[in-house]
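Take a moment with the picture, then follow the questions below.

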Amino acid sequence: MERLKQIMEECLDQGLYQMIISHPRRKSGITKVKIRPVMIRGELLYQESRFEGTKVFHENRTAPALSESVIRMMNGEFRQLEIHTVNRQVTALAGKKGNVTVKIRNNEKPKVPDLTHDRRRQYLLEESVPIGFLQDLGVQTREGRIVKSRYDKFRQINRFLEFIEDVLPVLPTERTVRIIDFGCGKSYLTFAMYYYLKILKQYDVDITGLDLKADVIMTCNQLSQKYGYEKLHFMQGDIREFNREEPADMVVCLHACDTATDHALAKAVGWGAKVILAVPCCQHELNGQMKCEALADLFAYGLVKEQAAALFTDALRGQMMESVGYHTQILEFIDMEHTPKNRMLRCIRREKDKNDPGENAYRAEKREGVETLMGFLKVRPTLYTLLQE
């Protein structure tokens, strides 16, 4: 961690714009920490914002205290640190044995930090900047103002882009990043993903959106051509039947109904996708299968059984993804009052090969756990069958 301490000192001296600490080692508790400089009563401090579920905890620190806090977190709780200064970006990845891998690149455009203490929420897509696809999708006016009735959609788009921002270090930088969006629908988030990665972050990406509705696909392709998004394509088709020669690096599946999510996850695993972001919808399958005697009195209430089935479905999906080599988190996508479909499965492929003794043992343990739970609930989820095949 000495290398990380040195980098921290250099970045604080060079003018810090922002730090992001992510990829927690544990599945519960603090999921992300953001740090920015603030000027309070003439003193330069650093505001540390810790995100835990829907709650955010703030604490202002001096430079020495901040350095100690960041090193402590990277030494135990988290695996990834992004540091943005005025002129450069540093990405640090911490290994289990305390070793740190560092990548540094210069910013093409210098960033100017905002030192105000109390400020309006800063979104990845700025509210006052006119963006064509947001205007055509009815989220933004021609002047760049967010339509009041569509502000929840604007927040949802930015929340999704925050998840994309967190996984950037996992994606390849030496070639085109191939992304599939299963069940893209009207494609608010697909367009936002392309705009953020290609236009704002300058990544070489090729994104394909897939949906069953022919009219929706036609409209999305027309908009893509209108904006000159040459590597954003939309296709009509079913997730179950979709195949492609080149594997995807990232698979997105938002609100695909019932077992369609399972087929999307299985496709992603087959491709060896580095990142999978899935927000399941309409988890009916287990509700019709569960016949657990120990929980029979609880399942006598239809609403309780329905909600329990949805939770069990996603929990089992998470454990099954662990069993095939993915570090999996179940995170809150957006506040409950905006949409009831708010659980996201974020799956990051582990670097270890399945033939590694430790990895092999971990996968076997997870498979055994999944089968024990399936036996207890007397269920056989579609994803289990697909992964077995």
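**Reading the labels**

In this predicted model, the largest nonpolar core has 50 residues, of which Phe133, Phe160, Ile164 and Met250 touch the most other members. Helix α5 gives this core its largest share, nine residues. A second, separate core has 38 residues, among them Cys253, Ala260, Ala264 and Ala309.

Q: What makes methionine 250 a contact partner of Ile164 and Leu277?
A: A contact needs heavy atoms within 4.5 Å. Methionine 250 is in contact with both, and also with Val167, Leu171, Arg178, Ile179, Ile180, Met193, Ala273 and Val275, leaving aside neighbours within four places in sequence.

Q: Why is helix α5 described as largely enclosed by the rest of the structure?
A: A residue is buried if its relative accessible area is under 20%. Ten of the 13 residues of α5 (residues 188-200) are buried, so the helix is largely enclosed. The buried ones include Tyr188, Phe191, Met193 and Leu197.

Q: Why is glutamate 359 called buried?
A: The cut-off is under 20% relative accessible area. Glutamate 359 has 4%, so it counts as buried. This residue is found in helix α11 (residues 357-377).

Q: How do you know that glutamate 359 makes a polar contact with arginine 350?
A: The cut-off for a pair of N or O atoms is 3.5 Å. The side chains of glutamate 359 and arginine 350 make their contact at 2.7 Å, within that cut-off. Glutamate 359 also touches Gly325, Lys352, Asp353 and Lys354, not counting residues up to four places away in sequence.

Q: How do you know that strands β12 and β14 pair?
A: Pairing takes at least two bridges. Four bridges join β12 (residues 275-281) to β14 (residues 343-349), so they pair, and they run antiparallel. Leucine 277, for instance, has arginine 346 in β14 as its bridge partner.

Q: What makes β10 and β13 edge strands?
A: The open sheet has seven strands in the order β10-β9-β8-β11-β12-β14-β13, with mixed pairing. β10 (232-236) and β13 (326-332) each pair on one side only, and that makes them the edge strands. From one strand to the next, the twist averages 15°.

Q: Which helices lie across strands of this sheet?
A: Helix α4 (residues 151-167) lies across β11, β12, β13 and β14, running at about 20° to β14. Helix α5 lies across β8, β9, β10 and β11, running at about 180° to β9.

Note on methods
Residues are numbered from 1 along each chain as its sequence is written. This is a predicted model: local features need pLDDT of at least 70, side-chain atom pairs count only at pLDDT 80 or more; totals for chains, interfaces and linings use all residues. Side-chain values use heavy atoms; hydrogens and water are left out. Buried means under 20% relative accessible area, exposed over 50%, partly exposed in between (1.4 Å probe, protein chains only). Helices (H or I, at least four residues) and strands (E, at least two) are DSSP runs, numbered from the N terminus. Axes are lines fitted to C-alpha atoms, for helices over the stretch in contact, and angles run from 0 to 180 degrees between N-to-C directions. A nonpolar core is a set of buried Ala, Val, Leu, Ile, Met, Phe, Trp, Tyr and Cys residues joined through side-chain atoms within 4.5 Å. A polar contact is a pair of N or O atoms within 3.5 Å; within protein, one must be able to donate a hydrogen and the other to accept it, and residues adjacent in sequence count only if both atoms are side-chain atoms.
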